[in-house]
Amino acid sequence: MSQFFNPPDGAVQLTPKQANIYLWGWQKEARFRDAVCGRRFGKTFLAKAEMRRAARLAAKWNVSVEDEIWYAAPTFKQAKRVFWKRLKQAIPASWRAGKPNETECSITLKSGHVIRVVGLDNYDDLRGSGLFFLIIDEWADCKWAAWEEVLRPMLSTCKYIVNGEQRVGGHVLRIGTPKGFNHCYDTFMDGQPGHEPDCRSFSYTSLQGGNIPESEIIVAKRKMDPKTFSQEYEASFESYQGVIYYCFNRILNSSSEVVKDNDTLHIGMDFNVTKMSAVVYVRRGETMHAVDEFVNLFDTPAMIEAIKEKFPDHEVGIYPDASGENRKSSNASETDLALLRKAGFRVYVNSRNPAVKDRINSMNGMLCNTLSERRLFVNAIKCPHFTKCQERQIYDDHGQPDKKSGFDHMNDAGTYPIAYLFPINEQIKSIDIPMFGF
Ligand SMILES: Nc1ncnc2c1ncn2[C@@H]1O[C@H](COP(=O)(O)OP(=O)(O)O)[C@@H](O)[C@H]1O
Ligand SMILES: [Mg+2]
């Protein structure tokens, strides 16, 4: 058993990879830890050792009893089912002030500190105490707002002294398997080398956890589709089913192209007051490259000014939302499209917008067709928002593109030129890009 690691209080033995995550705990450079690991790696098991250590340190470091220690999961029901029994195993009876509270799922320690199992389904009800330590299990399935609005502020006030040094701020460990490119991906990236100074992230496969035999992996491989297997057992961030632009892949569709002096710019534009969006494409042979973006501009005049300032000497074609033919920006007497024409841009628009479905199909077809040809590329460094929106916008419960998460405007902007220039339903001849200046 020499490959196992025994935490100093001796309750459980950790595998080497669990130990690596554990040993980063309570270091200043790892105030926010994220462990994204495959199924049955031993994440929830590790949480036992982490909770036990936090209970010990809260007493040792004289943490105020107002600051609690929590294990959180997406719902209270799930949190209780998965962890309550395990928590009672992890905290010895000799440390407890009395019997565990079975209704609330809490344990009060002799030191006065409270350890609790909570669900993030009704996160508004959780406000109140401060937090010394927090574990969030199945982090990819939790609501981001629960973290941002409630939990994060609760961690900010906790004070304690470590080896004579005053420290402020509770620590967190978020664990789980990935679920596409959602908030779990963001916090994982924050913890990668060169990103945030107080975040540290870890990624291990199920097999690296050492709790499941290779034979089980082989069976899973035979039964599962490749994407699901990679996500669940290899902890890989895969585009989530239900994502609209499922053909987009930030590696395979990546571009290092930038705007060159003589380029004609093809700019897709979506109109929304204070949220005007635009994506700038250039053409290279038979391929299109998104090479720049404009995000959250106030109105059409502001957008015109921004484009002229950034690209004063380029031929510009705008591919807008067709509704701009009637729509007026705030305080403007002319329609949005009239303003664009007056600014000297060529405006390419059909009398009506194409059906949303056709626009999505054109885009996916350009991203990757059935012959595995990719004809549309995105420079993710120049277009970080467009890249994120391509990865994240999903269909809502009614099968329509989701507009609630804020990923819709950039995608609308970025797909108008593609639907215009590469329509899915028309004859081949119409895929020619208009020639400018002729
Ligand atoms: N260090 C360990 N020592 C003994 N058993 C472990 C250890 N880590 C995990 N296990 C066992 O492996 C199985 C999977 O662990 P679990 O924590 O539920 O995985 P996950 O939360 O990553 O899906 C459980 O039966 C658990 O008890
Ligand atoms: Mg688990």
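Helices (H or I, at least four residues) and strands (E, at least two) are DSSP runs, numbered from the N terminus. The model is predicted: local features need pLDDT of at least 70 and side-chain atom pairs count only at pLDDT 80 or more, while totals for chains, interfaces and linings use all residues. Residues are numbered from 1 along each chain as its sequence is written, and chains are lettered from A and ligands numbered from 1 in the order in which they are written.

**View 1. Tyr-123 and its contacts.** Tyr-123 sits in the loop that links strand E4 (114-119) to strand E5 (130-136). Because Tyr-123 has 18 C-beta neighbours inside 10 Å, it counts as partly exposed (buried means 20 or more other C-beta atoms within 10 Å, exposed 12 or fewer, partly exposed in between; C-beta atoms are placed from the backbone). Leaving aside residues up to four places away in sequence, Tyr-123 touches Lys-143, Ala-146 and Val-150 (contact: C-beta atoms, placed from the backbone, within 7 Å). Glu-149 is 26 residues from Tyr-123 along the chain, with 8.9 Å between their C-alpha atoms.

**View 2. The shell around ligand 1.** Ligand 1 is surrounded by 13 residues, the closest being Gly-42, Lys-43, Thr-44, Phe-45 and Asn-211 (a residue is near if its C-beta atom, placed from the backbone, lies within 6 Å). Helix H2 (residues 43-60) supplies the largest share of this shell, three residues.

**View 3. The two domains.** Domain 1 (16-227) and domain 2 (264-431) are given by the domain assignment, which is automatic or from a database. Their C-alpha centres lie 41 Å apart.

Technical notes. Contact = placed C-beta atoms within 7 Å.
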